[in-house]
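This report describes selected features of the structure shown below.

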Amino acid sequence: MKQLLTLSILLACAIVCHATPETITGPDGQLKLSIDVKDGRAVYSVTYNNKVMLLDSPLGFKSNEADFDSGLEFVAAERSEVKDTYTLPQGKRNKVEYVANQITYKVKNNKGLTINIVFQVSNNDIAFRYELPKFNNRASIRIFNEETGFRFPESTTTFLTPQSHAMIGWQRSKPSYEENYSYDAPMTERSGYGHGYTFPCLYKIGEDGWVLVSETGVDSRYCASRLSDCKEGNLYTVEFPMPEENNGNGTVEPAFSLPGATPWRTITVGSTLKPIVETTASWNTVKPYYEAETQYKYVKSTWSWIVWQDASMNWNDQVAYINLASTLGYQYILIDAGWDKEIGYDKMEKLVKLAKSKSVEVFLWWSSSGYWNDIFQSPINCMDNSIVRKKSMRWMKKIGIKGIKVDFWGGDKQETMRMYEEVLSDANDNELMVIFHGCTIPRGWERMYPNYVGSEAVLASENMVFSQGFCDIEAQNTATHPFIRNAIGCMEWGGSFLNRRIGRGNTRGNVRKTTDCHELAQAVLFQNPIQNFALTPENLRPFDEGGAPEVSIDFMKNVPTTWCETKFIAGYPGKYVVLARQDMNGKWYIAGNNAEKATKEMVLDLSGVLSKGDVVTLYSDDKAREPHKNEMKIKDPRKVKLTVLSDGGFVIVK
């Protein structure tokens, strides 16, 4: 009996020491993460408000040094608290206070080698990554593939955009994160190209809540990832780039030095869409890589190409847009592809001086390269070559250029991530801000790289000039991106057209279907610290000569581009959205749109922004779909009633 009792005590001790599964919650206790090793495989699950958001989902990877996808044993779990306060002038919130509970979950494989799986859990966000020591004095590692996955409950529907084939599209420059979204699609629906989905990925968990999945902290030491098509058991797994990307240049498998870590994968969870729209998960776990070389200014810009296209890259048209910027009080002008041939380097110096004389600064367009696509828009073969790039940037600094737009990236490989970082770093050395187009999404870059401004990485407004069909769904796109693409980072959209026809002169081209107030609202709903708006010189003509209404012009003169606070008010992806943003001077802008086919009667709870008795300015559409500006007194901020036309919008300014 004594021997049996001793054996029972030893078995009980072994179970306690093993200590799996481990659980950890966010500070308010609603978000709960469980981690376990089952049948030799590490798994995690997530609940929110006692509702299942993720079922047992796999963790681990295979590498050239050791595999951690099977044959695992739990070793130990350490817990700590993480606190950070930071400012982010390029973001949706200027000051962020981050508090999370951290668990470092150590496992060993069948060779006795160990890694840490680190989770940080805040009230609505989870971030996790693998941290690797040196293995047998090895100083580097190559990751073959990850088992990392996300397994959803059966009731889940999806809001996803597919990864395209490589080496297709304009001059074989894809993938460029420029595909359409699906809405409330079943998990069984195959992605459009069969290559899974680009981050971020939004999931609706029946009536229980929402989950947004993405990644952050991707730099020169890893590739960018995406999610697979749905596999058996409602599982999506992390996928590396396709071999064909960037014309086959660069490896698919990322490599980094040891000790080291993978990027953070992020999961944002909520019963409503509020935590999804307001999340700061992209920036909470990353740090600045260098100091800003100068104080970068984030304001509004004009951009001729968005409506006037390639033919406008000449001296006279750019002077017209400089004058437009000056009249509007905008501080920047973006001069797009072909300037080197149509204007030239010598005359560009004179054009910059002319712009400066009117208090306007210049951004210049560059191709990322020419050797991995067939792009002929110039300048090419400059940004990819460190010697030529640095020479070009020194020239730009000398003549007073303030920023660059670098286009046509075409891949997510580690080699491409390295080039993004090199362009940003060299640009900062020369006091240049950077915009990326035809590119991947930002992954924490607003905080990591202080001179980073924004990325396209979306099927953006430039398509309105090419397709009437895109004009027809503009309101749907406006009601989509605050919940998905723009939720995780700056979005270089352009837009806020005041031309009724998307063509030079406002007399030809595709027809804009949205109202002016929708376009005004879009300027608030979409966040990017420098907005290259789609206004044109013809917008300044008298209204009866095809110009824009004075109320629209006045609003676009004054709308800010940087915010100290963002609040979700109401909405549903692809149908409508209402947000409130507060500018750096404390003024609130409450903006909304309606993408549904019928007029929408909205009753909004604005009690977090407005108070009883407040007198606010309302920009709204009249029955003729023209914009009007009126004063409105708030009787009950919990029940503010607005009528919003189909393809229409509104803005309330306090």
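## Pairing at one edge of the sheet

In this predicted model, Lys300 has Gln531 of strand S29 as its bridge partner. Strand S21, residues 300-303, is joined to S29 by two bridges, and these strands run parallel.

## The sheet as a whole

The pairing of S21 with S29 belongs to an open sheet of seven strands. Their order is S26-S25-S24-S23-S22-S21-S29, and the pairing is parallel. At the edges stand strand S26 (452-455) and strand S29 (531-532), each of which pairs on one side only.

## A helix across the sheet

Two strands of this sheet, S22 (332-335) and S23 (361-367), have helix H7 lying across them. Helix H7 spans residues 345-357 and runs at about 150° to S23.

## The contact between two helices

Helix H7 also has a helical partner, H5, which comprises residues 315-328. The axes of H5 and H7 come within 10 Å and cross at roughly 20°. Because angles under 35 degrees count as roughly parallel, H5 is described as roughly parallel to H7. The crossing of the two helices is right-handed.

Which residues of H5 and H7 make the contact? Helix H5 contributes Trp315, Gln318, Val319 and Ile322, while helix H7 contributes Lys347, Lys350, Leu351, Leu354 and Ala355. Sorted by class, the contact of H5 with H7 holds six nonpolar residues, one polar residue and two charged residues.

Terms used: Residues numbered from 1 in each chain as written. Predicted model: local features only at pLDDT ≥ 70, side-chain atom pairs only at ≥ 80, totals over all residues. Heavy atoms only, no water. Pairing = 2+ DSSP bridges. Helix = DSSP H or I, 4+ residues; strand = E, 2+ residues; numbered from the N terminus. Contact = heavy atoms within 4.5 Å. Axes fitted to C-alpha atoms, helices over the stretch in contact; angles between N-to-C directions. Parallel < 35°, antiparallel > 145°, perpendicular 65-115°, else oblique. Left-handed = near helix turned anticlockwise from the far one by under 90°. Nonpolar A, V, L, I, M, F, W, Y, C, P; charged D, E, K, R; others polar.
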